[in-house]
Protein chains: 4
Amino acid sequence: MAEVSGGQALPLAERRLRLGIVGGGQGSFIGKVHARGARLSNRWDLVAGALSSRPQVAQESGRAWLLADDRIYTDYRVMAEREAARPDGIDAVAITTPNNSHHAIACAFMEKGIDVISDKPLTTSLADALDLVRRQKETGLVFGVTYAYAASAMVRQARQMIRDGALGALQQVHVEYFQEWALTPLKDAGAGAQWRVDPSIVGPTFTTGDIGTHCHHLGAFVCGRPITAVRAEFHTLGPPKALEDTAFMHVRYEDGIPGTIMISQVAPGAHCGLRIRVFGDKASLEWNQEEPEILHFRRFNEPARVLTRGEGAGIGVHAARFVHMPRGHPEALSDAWGNLYEEFAIAVEARRLGRNLPAGLLEYPTVVDGALGVKLIEAALASSQSGGQWADCTLSM
Amino acid sequence: MAEVSGGQALPLAERRLRLGIVGGGQGSFIGKVHARGARLSNRWDLVAGALSSRPQVAQESGRAWLLADDRIYTDYRVMAEREAARPDGIDAVAITTPNNSHHAIACAFMEKGIDVISDKPLTTSLADALDLVRRQKETGLVFGVTYAYAASAMVRQARQMIRDGALGALQQVHVEYFQEWALTPLKDAGAGAQWRVDPSIVGPTFTTGDIGTHCHHLGAFVCGRPITAVRAEFHTLGPPKALEDTAFMHVRYEDGIPGTIMISQVAPGAHCGLRIRVFGDKASLEWNQEEPEILHFRRFNEPARVLTRGEGAGIGVHAARFVHMPRGHPEALSDAWGNLYEEFAIAVEARRLGRNLPAGLLEYPTVVDGALGVKLIEAALASSQSGGQWADCTLSM
Amino acid sequence: MAEVSGGQALPLAERRLRLGIVGGGQGSFIGKVHARGARLSNRWDLVAGALSSRPQVAQESGRAWLLADDRIYTDYRVMAEREAARPDGIDAVAITTPNNSHHAIACAFMEKGIDVISDKPLTTSLADALDLVRRQKETGLVFGVTYAYAASAMVRQARQMIRDGALGALQQVHVEYFQEWALTPLKDAGAGAQWRVDPSIVGPTFTTGDIGTHCHHLGAFVCGRPITAVRAEFHTLGPPKALEDTAFMHVRYEDGIPGTIMISQVAPGAHCGLRIRVFGDKASLEWNQEEPEILHFRRFNEPARVLTRGEGAGIGVHAARFVHMPRGHPEALSDAWGNLYEEFAIAVEARRLGRNLPAGLLEYPTVVDGALGVKLIEAALASSQSGGQWADCTLSM
Amino acid sequence: MAEVSGGQALPLAERRLRLGIVGGGQGSFIGKVHARGARLSNRWDLVAGALSSRPQVAQESGRAWLLADDRIYTDYRVMAEREAARPDGIDAVAITTPNNSHHAIACAFMEKGIDVISDKPLTTSLADALDLVRRQKETGLVFGVTYAYAASAMVRQARQMIRDGALGALQQVHVEYFQEWALTPLKDAGAGAQWRVDPSIVGPTFTTGDIGTHCHHLGAFVCGRPITAVRAEFHTLGPPKALEDTAFMHVRYEDGIPGTIMISQVAPGAHCGLRIRVFGDKASLEWNQEEPEILHFRRFNEPARVLTRGEGAGIGVHAARFVHMPRGHPEALSDAWGNLYEEFAIAVEARRLGRNLPAGLLEYPTVVDGALGVKLIEAALASSQSGGQWADCTLSM
């Protein structure tokens, strides 16, 4: 197997950074996941939060997380104002709210010079997404987007192997993500389910924005090249709703490499069935996020190889620096979020210290990746509405 | 799980039937597979063959199979003639030659009143396929087509469960078939590889005819309803050739149920990766032909269930009658071919004895299934050439 | 991986041999399995049978298998007599009856000069087993025993890899076989279950004879060296019965290599869970008979490799000559029985023709392997009764 | 499936507790794992450490973890002294040093009234272990032992299902743990490998103490009953060393339930292959720590069920309270350590506040579990030395 080289260890922290969070109160699932990642990285203290706009929920959630009373907020604007004014104010904010508030919240904190970590999809419109791209470029602030699967050690390994030519010339790429939860009738579903199918909150798509963007980012990240065009077919197969809950897409990666994306959130029996298969002319790779420790590497007419996270045994430096425990001590999604928050911290610290980091050291998703995801949403929707015409997926900035 | 009912045991044989074979000489893979299925069923004696048009190959192959010298032929027309004239002539012929000869060979034996078992794809043109449908209808002869995967016990189980409503209303169907063998440069490949990419022999497609038709038949068979439309994108990703080696399709099943088909024969690491996933609004089924004993049955928000071939444990009668060994004694592709040849024998015997079989007893693929496969080939090709327009997949007869 | 060499193709048949069977009538499972293997090999015609001592069962079973009326017997002694007297009499007999009749039946046919294929365990006493060894030596007849798992292509591959040093020096060997069927209360169980727990029919053990002997043979066969000593602990955990249904053993292979055997037939959820793991000082192998196509090969600190049946891709000649279909077209237990019956046929034909076969060409289990199994039964029983003392497992002949 | 009931949610924290750590400096693997668990639980701030007795390593390690300079110690006695004297001193200490120092370190902190969390095996002699049991009883301090696998959500689920009778009467229990790392020649191995095979540091066994104790604890924990006797066979199969690297054991659980334990650290291809299989008279459970999200539940003659971590779908309250992310978002070993540190925190907080917790709320391993592990070590060693006599595994206190 191609030997892997050129990696650098991640730099150590000078101090633990201070993180604030918007959203994530009781009933939220993703806020808790952010917090676990931040803790695991040992790079962050979560010290402030506007966990909910409802005062009681904000209070109870903030106390459950052991926030100081004076740093439990109910309005993110107040939070941005006060935290910016404190000598021990937050270094960065994590935005974990429903989609339609991401843009305004990000703007509020960026205006105070605070770095931003945002959930995906980045915004509910491409215009908003491009606005954030522009603001980031102007301010030079760190702007990370939490496509967390890409921070799994074996995804980094896959990306490196492809970059190093282990598959030969890339030929086809298939990404799929199946879930079952949206089969729950809307009236029985929780708040998180309600807003995800409400166009006024979630934006113009449901499933394409929620999990299609993960497929889109993962495919491009692993293959090291963007998706340039899509043709899509949307379906609403589950309980009646205004938006699609299933989509099948054909895509083109740079250089015309063909691929597919299949997504559905009404697929009974599927939990978080995100799977990528990349075929070159010499070998293929397969990774399934529900078994994140395993990367299947299969060369033409050779026994299949099972690569596992750990040092040695064919694992390259980009994966190895995220090896926290030896092979066989399984890591999973919390660890991937920890990796992501570690990279965010290194970026934030470097910006604050004016430190230059080597090119390619950090591979966390940025505001541009977030904007590309929003572009995919709009392109896929347009394609589906046109009966499956090809739609461009690139940003013209 | 819905209890399964209404099955009947398969009738016993009166005598072992006599089978002839065309094709299958040394170097052929599929002829041997037919023969193994016929033997395993204990319903057939393989007594005659035109195993090759090259006399020496025909002789050597015939002797390797222990055929009598006077029943080793080099010309199928002579074979049809002589066998029809013998008192102990063959009851049926198995056609295992390259695609472009299926039609003529089938006609030669049908004209002699001999039942036909043909490889797929049935013919190289829809006109020829429809001609065989017409001839079969006129003669009343048995005409089976060897979509053998559909004779696997757990595929029968899947079909029955869907018919009995175990999945609720069907919502989406995904079938894929990945192989790697066509990555071999053509000059290094065997004869079977050579003709498969030669349009003058194989017909207008390579991969769509070779394995796409399996996906098409399996999807329709398991779901109990036809595919009515397709839109396809063909690619030639492997060694240069005149035909496609990869195709991605969107399809519609009857009642508008959406699905996909993905096929490639240049996917390194894939051997015979035929997999079907059917999602209803209550549950899903998944079957992978490389693990044919296992049927995954997953109800919404319940633990996944692993059904296995055998009697009891939720297995219905249609699968149970193909249970030759108890659960855990693995059966596989030879056994599936045995099942198929058992059904062919029952049909042939019934026709010869003028015996009426209960409707639905036998589920082997017929000449109409074969013609539907040829229709798919032409529709997918037309769609791909049109840039992905929907093309009709139904037969107008 | 060590390249594999020195294999020879198996010789072709001169004619199809004639097989008789004793036992295997309606209700028998194993008789049918023998018959399927014989058919699949294309080396045998099954032409005579004493399928049952009950005349009606014998008749019905014989007709179901399409035997000629005059070759359906109810007494194996009559069958031996008459078949020996016919010019077209059987070449060999397959003994598929309960254990306590194996010895007498084998003697009856050997006395007529007919080759023998016997189920395991060979006999119900070591004295009887050694008597058959002696008779075989005196007559020079072929005497095969149906440890069929050892005829699986990937088991042959494992044996060859170990012989060729792919694991380094062998260090430990673990074999287990778990089934669930004996949890069925005896009164609800079929005839096959009844006699298997009746000491007057089955001999001094239940599970040790039924599946422990498979573990014993498989371990020795794969490792290429005998088990020399055992220490055992018997348990009756399931429905009350006179014999053990579970046993745990420590064993020694030649050269003092340690190992374990674990067997139980009252393990809910287990079907035919026969699994072998062999560890050397460089690598390990693992094979599970429920997934017979796959051989896991794992070198120290390297990615695990998944070897699959087929030509190329690291598969040696001993496995390759049992490759009937290319990689990915799954073979399973019927195919293994076919392999076994192919080897039996070659041996029988060679004996009849006075033909010498190259040493090591055939690897089917012989009467000596059968006797070693009976020795294991007696040794394990003695050890368990002694509270776990080591007991010798070798034959002194 | 038996419905699960009677669980209570875990109480929220009043404040984050202060944790100190002894051991865990650069080159240590397990110290880092403790720290990740503590962070993930959000119940602890790691504020002090004697990470190494070598001053430079202690300094560098402490800074890498962002400890304050004045709380980086090189002597655990000084640390105990000073931390006990600080108003903001540590609430508990985590002992992550080699085995032979556990007892002294635990005593030093207990004498200062500081709660203890210790690695396993607890001590290098039973006398020391019983001394710690006595001291804990006298002081009433919290004393947890980090058998972390038992804090995996699906292990809790298995334990609850067995307690609730889902398997029927327990009948046999098999636990195995295979690793490969000790195949590394000692001269090439790291410090952690060196001391693990040095009897003066590790105690009287290598593998039995290192991973045998995990099997012992896991078996007893899942089954809800102690192992009362053992008979063992020790082997040194890998590179020469004074202690065993492989052991095979037969065990008895309370009420005479038989089982086995198999362990080896020289098994090429195995990483952390800890697997438990429990068979009752109605059903079985199987769990493999390398796939910690999955619990196989198999009822006699029913389709196997695959239970996964998450709420609903048959998961009981004891597992559900450790569900941090919905089903399909995989948790693994870091999360299990987080669960364990959450339970430790609740116990420590309750002791400090004089709060009574409901019986059975917490299930973390205690000093008594640690002592039982040491008893197993001594019993297994004695049994092996005696040629496999049964040895008692119970504590007489």
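1. Two residues are taken to be in contact if their C-beta atoms, placed from the backbone, lie within 7 Å. On that basis, 31 residues of chain D are in contact with 31 residues of chain A. This is a predicted model, and the points below should be read accordingly.

2. The largest share, five residues, is supplied by α1(D). By residue class, the side of chain D that touches chain A holds 15 nonpolar, seven polar and nine charged residues.

3. Turning to chain A as a whole, its secondary structure consists of 12 helices and 14 strands. Its C-alpha atoms fill a box of roughly 65 × 50 × 40 Å, taken along the principal axes.

4. The radius of gyration of chain A is 20 Å, which agrees with the value near 21 Å that a compact globule of 397 residues would have. Buried residues make up 62% of the 397 residues in chain A; for this count, a residue is buried if 20 or more other C-beta atoms lie within 10 Å of its own. Among the contacts in chain A with a separation of 6 or more, 70% are between residues 24 or more positions apart.

5. The domain assignment divides chain A into domain 1 (17-148) and domain 2 (150-327 + 366-385). Taken over C-alpha atoms, the centres of the two domains of chain A are separated by 25 Å.

6. The contact between these domains takes 23 residues from domain 1 of chain A and 24 residues from domain 2 of chain A. On the domain 1 side, the elements that give two or more residues are α5 (126-139) and β5 (143-145) of chain A. The largest share of that side, six residues, comes from α5(A). The domain 1 residues that touch domain 2 of chain A divide into 13 nonpolar, nine polar and one charged.

7. An unreviewed UniProt entry annotates residues 18-147 of chain A as "domain: Gfo/Idh/MocA-like oxidoreductase N-terminal". Over residues 18-147, the chain is 43% helix and 18% strand. The C-alpha atoms at the ends of this stretch of chain A are 21 Å apart.

Conventions. Residues are numbered from 1 along each chain as its sequence is written. Chains are lettered from A and ligands numbered from 1 in the order in which they are written. This is a predicted model: local features need pLDDT of at least 70, side-chain atom pairs count only at pLDDT 80 or more; totals for chains, interfaces and linings use all residues. UniProt positions are given in the numbering used here, feature names are shortened, and annotations may be inferred rather than shown by experiment. Helices (H or I, at least four residues) and strands (E, at least two) are DSSP runs, numbered from the N terminus. Domain bounds come from an automatic or database domain assignment. Ala, Val, Leu, Ile, Met, Phe, Trp, Tyr, Cys and Pro count as nonpolar, Asp, Glu, Lys and Arg as charged, and the others, Gly among them, as polar. The radius of gyration is taken over C-alpha atoms; the globule rule is 2.2 Å times the number of residues to the power 0.38. A residue is buried if 20 or more other C-beta atoms lie within 10 Å of its own, exposed if 12 or fewer, and partly exposed in between; C-beta atoms are placed from the backbone.
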